[in-house]
Amino acid sequence: MSEPLFRLSDLHFAYDSGQPVLSGAHFTLRAGDRVALTGANGVGKTTLLHLMVGLLKAQAGQVEAFGRPRIHEKDFVEVRPRAGLLFQDSDDQLFCPTVSEDIAFGPLNLGKSRAETRMIVQRALASLGLEGFENRVTHKLSGGQRRLVALATVLVMNPEVLLLDEPTNALDAETRERLIQILDGLPQAMIVISHDEDFLTRVTQRRVRLEQGRLMEG
Amino acid sequence: MNTSASSSAMHSLAKVSHPHASVTIYLPLKKGDREGFRASEPLLKTVDARLRLAACGLFALIVVGLTQIPALLTALALAGCAVLAARPELAPTLRCLAALDGFMLFILFFLPFTVPGEMVFSLNGTTASYEGVLQAVEILLKANAVVLMILALLGSLGSVELGHAMARLRLPVKFVQLFLFTVRYIEVLDREYRRLRTAMKARGFRLRCDLHTWRSVGYLFGMLLVRGIERAERILAAMRCRGFQGHFYPMTEAKPVDRRDYAFAGLSVAAACALIVLEYLHS
């Protein structure tokens, strides 16, 4: 079997003051896995995704990503483009004035040239059916359009893993259906947080439940 | 031979018309649109945004330094001409001026009474000085001239365009980003404020003059601040997820400058020189 993309072993995490969020969480993600991450509100699902890409640091335990243990910030700098995190609120993700600038932000950070980036942006918009959105102003998009553009900003980095934090949250039926079609066509391994049962059965094939700081299969 | 000639002619025609097919449909339409757009649009709006921004900065800088009333009146007249040329919507322009002048009059009202000098008139025993009145008039003229020029030159620019123009003028990246972030998120914060405010109203909250009101409004703004900070942290996190390490790589590129832009630049410099000359002539 191939090397796992992510391996979390015995993760412990608590916010500054308060209850432990994770207490001995184990988890392995392999290529092609599509995992639904479920659990009650506030149980720490988003926290887990943030730990995986190093936005938060675990107090104990190990995060192994793409075959290497990741401990320091500089280890995670390399992880983040390879594990695309889609945030719950697209307003957090889209910060540039126009759609094309926002999509170009990631590739430019990765050192792509402007000409190359322009092509990447065009391709990304076309692949999500967002042609003609280049110069639209991001904060004037509808909620659904914003979510799709946010997904585009993640996909242009060519991630090997997608971490989707409530992707169908506040989407209308049509955009939700479109999102399912798009996700179905993607080759990446995924971890999806959602409370939308129907969405999870259609997009994922493995269930993991976060309960009392531990991850349980099934 | 005849047939081959005609077929080759047809061939070349097809060949020519094929790549042009889309062009002939699109280009004239677009071009016509743009020409029509340009003809009906005030000339000032077609000038490169960078130039307009630079001219505005130059004008403001010079006007702030002027001290002679004739020079200031000329500056105001220039700004007025610029407004006429830009033809902005009347109502918002007047509202903007009224807001400025209302504020200025309130502030400047006390100036004649606080600046020492030759007495002009007295009110309730306090004397107003000639120097004070002069200073008040000076400030009023300066403020109006600068604001009118900003309305004329930058009023028609969208905030995004303005941000891009600032970036292209090589203003500090941090400043430009701060501006663009403000533009981007002011609406999000406003939405958040309205949501909280509506939720308060839904529970029967009304602004009154009591401790409860003050405390609740305090909570409201405190909550906005906390949410603002949390959002800023999430935005930074999202940026780091996309490889942000403290450097921005702007995507924008400048359009070539054309004759109209050169004419505008020349006119701006001439006006600036005229103001400086006027200032020296009268001092």
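In what order do the six strands of the open sheet in chain A run? The order is β6-β7-β8-β3-β9-β10, and the pairing is mixed. This is a predicted model. Its scores are ipTM 0.86 and pTM 0.74.

Start with the sheet. Strands of a sheet pair through backbone hydrogen bonds, either parallel or antiparallel. Two strands form the edges here: β6 (83-86) and β10 (214-217) of chain A. Each of these pairs on one side only. Direction ignored, neighbouring strands of the sheet are turned by 20° against each other on average.

Strand β9 (residues 206-211) of chain A pairs with β10(A) over four bridges. The sense of that pairing is antiparallel.

Helix α1 (residues 45-52) of chain A lies across β3 (34-38), β6, β7 (161-165), β8 (189-193) and β9 of chain A. This helix runs at about 150° to β7(A). Helix α6 (residues 143-155) of chain A lies across β6 and β7 of chain A. Its angle to β6(A) is about 165°.

Helix α4 (residues 99-109) of chain A and helix α5 (residues 114-127) of chain A have axes that come within 9 Å. Those axes cross at roughly 125°. Angles from 65 to 115 degrees count as roughly perpendicular and those over 145 as roughly antiparallel, so α4(A) and α5(A) are oblique to each other. The crossing of α4(A) past α5(A) is right-handed. On the α4(A) side, the contact is made by A:Ser100, A:Ile103, A:Ala104, A:Pro107 and A:Leu108. From α5(A) come A:Thr117, A:Ile120, A:Val121 and A:Ala124. Seven of the contact residues are nonpolar and two are polar. None is charged.

The mean pLDDT of chain B is 82, and 84% of its residues reach 70 or more. Where in chain B is confidence lowest, and where is it highest? The lowest is in helix α1 (residues 2-40) of chain B, at a mean of 38. The highest is in helix α2 (residues 49-65) of chain B, at 94. Over residues 1-39 of chain B the pLDDT is below 50. Beyond near neighbours in sequence, that stretch has one contact in the model. Where pLDDT is low, the predicted coordinates should not be read in detail.

Definitions and conventions. Residues numbered from 1 in each chain as written. Chains lettered and ligands numbered in written order. Predicted model: local features only at pLDDT ≥ 70, side-chain atom pairs only at ≥ 80, totals over all residues. pLDDT = per-residue confidence, 0-100. Contact = placed C-beta atoms within 7 Å. Axes fitted to C-alpha atoms, helices over the stretch in contact; angles between N-to-C directions. Parallel < 35°, antiparallel > 145°, perpendicular 65-115°, else oblique. Left-handed = near helix turned anticlockwise from the far one by under 90°. Nonpolar A, V, L, I, M, F, W, Y, C, P; charged D, E, K, R; others polar. Pairing = 2+ DSSP bridges.
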